[in-house]
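Please go through the structure below with this briefing at hand. The points are grouped by topic.

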Amino acid sequence: MVKINLALQGGGAHGAFTWGVLDRLLEEEDIEIAAISGTSAGALNGAALKAGWLKDGRIGARDNLDWLWAQVSRLEDVSVPQWMQAWLPQPAAVSKGIEYSPAYMIGDSLGRMISPYAWGPLYQNPLEKIVDRFDFGRVCAHEGPELFVCATQVRDGKVRIFEGHAITTQSILASACLPTLFQAVEVEDPQTGTMEAFWDGGYTGNPALFPLFAPSLPQDVLIVNINPLERDAVPVMPNEIQNRINEISFNSSLLRELRAIAFVQRLIDAGSVTPGAMKQMRVHMVADDDLMNDLSVATKVVPVPSIIARLKQAGRAAAGGFLAQHKDDLGKRQTADLVKMFG
């Protein structure tokens, strides 16, 4: 049995890719998930996995993830039969269709001019009715994978990590609170114990890796990346520019932590630190940048059932490819090339 940590990025409805990755990983009986750090959609996926795991093991975890994404897509079954694949529009076409639709363009423009607070008593966070149905007795339990939820404290702009009984409906909503779409979420600050306003954790940790550095946790961390690190084409249209700004800002905190891990690895390899003084992490990554390059922020905020289904299938395929190539490396050696990434 090899134990790993999971680091799950946020990215709205694109978190269905992570659903697919987790669904495939949970089929591996000899891989145990020791801890999960999640932001936004990653936090929802992590909470659903843990609650299901404690209810009925791997099957329960997969079933609970299926339930979560059925709620997000508002369908009982978002799977797409194989014979239908050729008849569905390509993800890029769906994404462009949404981006350039009058309804989306009007809504996006209004979102830049009108505060979410303008709704007054009519305001409601659409995720709340889903998150409220989580089994928090299991989500917050000491048993099962440790769970860390990341959010950004609005007043000081610093990262906060919610764990144990501090994980509630409100802290998960805080982790997924895009400030142009949702009102800041008021929740007890885990550092100070006072009520504070929080925004999406992606600004400060997408996801936060440092909770996984605890000595009691394994060295291997598998990052599920759903925001493309690279795009070949330079964005020229306003929506393309805004989309790339979103991706860069939501990757910056992850890249900062990965750079720190790479620095520590160089120190340890050079013998510059006392053995055991610093934890040497082994980083692995699962992504599908080709698919994500075909999508945009439009398919993050508009949950299209066909795209969600494609994302799940892509996640399963990406995880399957990773396992075929690198499963034997888990617990032994790093597979992410941090030297190339930061060279």
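**Briefing: a histidine, a cavity and their surroundings**

His14 sits in the loop that runs between strand S1 (2-8) and helix H1 (16-25); helices (H or I, at least four residues) and strands (E, at least two) are DSSP runs, numbered from the N terminus. The model is predicted, so local features need pLDDT of at least 70 and side-chain atom pairs count only at pLDDT 80 or more, while totals for chains, interfaces and linings use all residues. Residues are numbered from 1 along each chain as its sequence is written, and side-chain values use heavy atoms, with hydrogens and water left out.

**His14**

- His14 counts as buried because its relative accessibility is 2%; buried means under 20% relative accessible area, exposed over 50%, and partly exposed in between (1.4 Å probe, protein chains only).
- The side chains of His14 and Thr299 are joined by a polar contact of 2.7 Å. A polar contact is a pair of N or O atoms within 3.5 Å; within protein, one must be able to donate a hydrogen and the other to accept it, and residues adjacent in sequence count only if both atoms are side-chain atoms.
- Not counting residues up to four places away in sequence, His14 touches Ile226, Met292, Leu295, Ser296, Thr299, Lys300 and Leu311; contact means heavy atoms within 4.5 Å.

**The second largest cavity**

- Two cavities of 30 Å³ or more turn up in a search of the whole structure. On a 1 Å grid over the protein atoms alone, a cavity is a set of points where a 1.4 Å probe fits but cannot get out, and a pocket is an open set with protein on both sides within 12 Å along at least five of seven lines; lining residues have an atom within 4 Å of a point.
- The second largest cavity holds about 30 Å³ of space; grid points are joined across faces, edges and corners, and a volume is the space filled by probe spheres set on the points.
- Its lining consists of His14, Ile226, Pro228, Arg231, Asn243, Glu247, Met292, Leu295, Ser296, Val297 and Lys300.
- Helix H8 (238-269) and helix H10 (297-301) are the elements that give two or more residues to this lining.
- The lining of the second largest cavity has five nonpolar, three polar and three charged residues. Ala, Val, Leu, Ile, Met, Phe, Trp, Tyr, Cys and Pro count as nonpolar, Asp, Glu, Lys and Arg as charged, and the others, Gly among them, as polar.

**The second largest pocket**

- About 390 Å³ of space lies in the second largest pocket.
- Residues lining this pocket include Asn225, Leu229, Glu230, Asp232 and Leu255, and Lys340, Met341 and Phe342 also belong to the lining.
- Helix H12 (residues 338-342) supplies the largest share of the pocket lining, three residues.
- By class, the pocket lining has six nonpolar, one polar and five charged residues.

**Helix H1 and strand S7**

- In H1, 10 of the 10 residues are buried, so the helix is largely enclosed by the rest of the structure.
- The cover over the buried residues of H1 includes S1, helix H2 (41-73), S7, strand S8 (282-286), helix H9 (289-294) and helix H11 (305-326).
- Val224 lies in strand S7 (residues 220-224) and is buried, with a relative accessible area of 0%.
- Leaving out residues up to four places away in sequence, Val224 touches Ala7, Leu8, Gln9, Phe17, Thr18, Val21 and Val286.

**Two loop residues**

- Asn227 is in the loop between S7 and H8 and is buried, with a relative accessible area of 1%.
- Beyond four places in sequence, Asn227 touches Gln9, Gly10, Asn206, Phe250, Asn251 and Lys300.
- Arg333 is in the loop between H11 and H12 and is partly exposed, with a relative accessible area of 44%.
- The side chains of Arg333 and Asp329 make a polar contact (2.5 Å).
- Arg333 and Arg282 are 51 residues apart in sequence, with their C-alpha atoms 6.4 Å apart in space.

**The whole chain**

- The protein chain has 12 helices and eight strands.
- Buried residues make up 50% of its 343 residues.
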